[in-house]
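Here are my notes on this entry. Please read them with the structure open.

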Amino acid sequence: MSAQAEIRQDAGLKSHSVSRTTEPLAVRIILIAVALLFMALFLVLPLAAIFVKAFEKGGELYIASITHPDAWAAIKLTLTVALIVVPLNAIFGVAAAWAISKYQFRGKNVLLTLIDLPFAVSPVIAGLIFILLFGQNSALGHWLQNQNVTILFAVPGIVLATLFVTLPFVARELIPLMQSQGSSEEEASLVLGAGGWKTFLKVTLPNIKWGLFYGIILCNARAIGEFGAVSVVSGHIRGLTNTMPLHIEILYNEYQFTASFAVASLMSLMAIVTLIVKSLIEKKGKYKSKKVG
């Protein structure tokens, strides 16, 4: 068979495959319409309702609600916790992904299971775990109290609870990425005389940076929005241990609906910005992958 005949045969097979897998236009329109309708009813409209309710009584009350001392304290605490938790999770995620993807050792499956544990455990149960560990009735809690160290109903407890529920996000994003990349480039770098730290900075980190950014964004979004575990360990102290989700709940329970929706709209804006950054990183990562390929 000639080369031209092979090309024509391949083209015929591809066109036949496309014709079999491409849905009719009517089916595509229906599927797209259902997806858009579902998103409009269960995503766009509720999100729009939050902003409508937040500005229901005017911009002055909205500004007053989000600049109230208790609201401002909740915003600062939420951002502070995120600034502590996200870098720690990034460091742990990179270290865990490196160990799991680059080395063979006993207990690897156990480590993977432990990393996934926060996905399986309810956040409320996670908060109760810290109550059992650091409560006054526990040996560790009694010792900490004698040392004048406060964990529960304070910022350290909130940080620990948030760290627990956000632990898997960076690691679970990097592990499959680093496993698919293998270790050939790192081995080549070491053979050429580069040290371990230089190999990580010059070879490994550039290869995983988009996955790392993506995991950090997901971790940050969860840290800002965490409610269950933080609610258990915080004590709900106004101006001290209330994060933004807890502050919203208190305002709503006190029938301060406009103020609660104002703070909720601020959290929604953070979520929207997070999604935009996430989309940009995904787009940038795909572009880089295509360029390298």
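This is a predicted model: local features need pLDDT of at least 70, side-chain atom pairs count only at pLDDT 80 or more; totals for chains, interfaces and linings use all residues.

1. Secondary structure. The chain has 14 helices and zero strands. Read along the sequence, the pattern is accordingly α-α-α-α-α-α-α-α-α-α-α-α-α-α.

2. Burial and surface. The chain counts 293 residues, and 35% of them are buried.

3. Contact range. Take the contacts between residues at least 6 apart in sequence. Of these, 71% join residues at least 24 apart.

4. Helix 9 against helix 11: geometry. Helix 9 spans residues 168–181, and helix 11 spans residues 196–225. Their axes lie 7 Å apart, at an angle of about 155 degrees. Helix 9 is therefore roughly antiparallel to helix 11, because angles over 145 degrees count as such. The crossing of helix 9 with helix 11 is right-handed.

5. Helix 9 against helix 11: residues. Which residues of helix 9 meet helix 11? They are Phe 169, Val 170, Glu 173, Leu 174, Leu 177, Met 178 and Gln 181. On the helix 11 side, the partners are Thr 204, Asn 207, Ile 208, Gly 211, Leu 212, Tyr 214, Gly 215, Ile 216, Leu 218, Cys 219 and Arg 222. By class, this contact has 11 nonpolar, five polar and two charged residues. Glu 173 in helix 9 and Arg 222 in helix 11 are among the residues that meet here, and Glu and Arg count as charged.

How values were computed:
Residues are numbered from 1 along each chain as its sequence is written. Side-chain values use heavy atoms; hydrogens and water are left out. Helices (H or I, at least four residues) and strands (E, at least two) are DSSP runs, numbered from the N terminus. Buried means under 20% relative accessible area, exposed over 50%, partly exposed in between (1.4 Å probe, protein chains only). Contact means heavy atoms within 4.5 Å. Axes are lines fitted to C-alpha atoms, for helices over the stretch in contact, and angles run from 0 to 180 degrees between N-to-C directions. Angles under 35 degrees count as roughly parallel, over 145 as roughly antiparallel, 65 to 115 as roughly perpendicular and the rest as oblique. A crossing is left-handed if the near helix is turned anticlockwise from the far one by less than a right angle, and right-handed if clockwise.
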